[in-house]
Amino acid sequence: MSRTDTEVTTLDEAARAGWLSYVAGMTQDQIATELGVSRQRVQRLISRAMSEGLIRVRLDHRIGACLRLEAEIARRFGLLECRVAPAVGTGDAARAVGGIAAAVFERYLSRPEPQVIAVGTGRALRWMADELQPQPCDRHRIVSLIGNIAPDGSASFFDVLMRIADKLGAPHYPMPVPVISETKAERDAFHALRPVRAVLDLAAQADVCFVGIGQMGTDAPLYRDGFITRAELAEVQAQGAAGEVTGNIFDGEGRYLDAAISARMGGVRIAPNRPGPVVGIAAGANKVAAIRAALTGRIVNGLVTDEPTAEALLY
């Protein structure tokens, strides 16, 4: 092994130790067990990560194993881009991908030409919003892809538009409709309103979309957060539901279901093979089937995930 190869390997190890410490919140003893090294080496690795400037608010080093996974997933699914965060052991996978997703988001913010950036919702996107660096971006517009009203009339807990707008001071356009309406007629009435129509039209012009990918098992976010009933969940599961993006449910091949509740969803349905970037942000063993289906059906053409999820998608 050359000196350069040795240096890269050491930096990889230091970056991983720093990630496990500062993102996963693991103790040095836990990191030593995870990496299979001594506690003293963990101390040296974390110190190295700090001295090299690899750890600031976010990890600032592309770990070789993650790079290889990114390239293979992009090639396998024909993606415009893919980013893979290091594994965090028993830590929160959604939090782990937040910083990486924020870096991707900020790349679009850095463009000098005005951008229309559309966002969905979910836990991973909330972490992304929290990781964004405050900066003036009044040349860009941020628009929501999903309704922001919960069944009880309150604001949807996982709505991220306002969090992002607060960081950026950018013009922002919430979707002032229920996540899911009582009837199709009610949903159509909301969509006929001029302010709602304006938001829908702006979302259709988005230069880039950032969306969460929800699973459709018994822990489905739509069910867990009270947007659909147990009977409605069972109905779409019987039709082969594998995942959802902006509340729109699809099967294992990434084909949208023609279910009764589909016509009541208030958000924008992302058309397959959309020409612009649609970046899915999701991680976790319970999301693998949903992510794979969204990639297969070309609902998303970009992905931010973590190592274990990436490996499951490939193998």
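Predicted model: local features only at pLDDT ≥ 70, side-chain atom pairs only at ≥ 80, totals over all residues.
1. A disulfide is a covalent bond between the sulfur atoms of two cysteines. The cut-off used here is a pair of sulfur atoms within 2.5 Å.

2. Cys-209 is not part of a disulfide either. Its nearest cysteine sulfur is that of Cys-137, 18 Å away. Cys-209 is buried, at a relative accessible area of 1%. By the distance rule, the count of disulfides is zero.

3. The next point concerns two helices. Helix 5 covers residues 93-109 and helix 6 covers residues 123-131. Their axes come within 7 Å and cross at roughly 60°, which means that helix 5 is oblique to helix 6. The crossing of helix 5 past helix 6 is right-handed.

4. Which residues of the two helices make the contact? On helix 5 they are Ala-94, Arg-95, Val-97, Gly-98, Gly-99, Ala-101, Ala-102, Phe-105 and Glu-106. On helix 6 they are Arg-123, Ala-124, Trp-127, Met-128 and Glu-131.

5. By residue type, the contact of helix 5 with helix 6 consists of eight nonpolar, two polar and four charged residues. Gly counts as polar in this division.

How values were computed
Residues numbered from 1 in each chain as written. Heavy atoms only, no water. Axes fitted to C-alpha atoms, helices over the stretch in contact; angles between N-to-C directions. Helix = DSSP H or I, 4+ residues; strand = E, 2+ residues; numbered from the N terminus. Parallel < 35°, antiparallel > 145°, perpendicular 65-115°, else oblique. Left-handed = near helix turned anticlockwise from the far one by under 90°. Contact = heavy atoms within 4.5 Å. Buried < 20%, exposed > 50% of the residue type's maximum accessible area, 1.4 Å probe, protein only.
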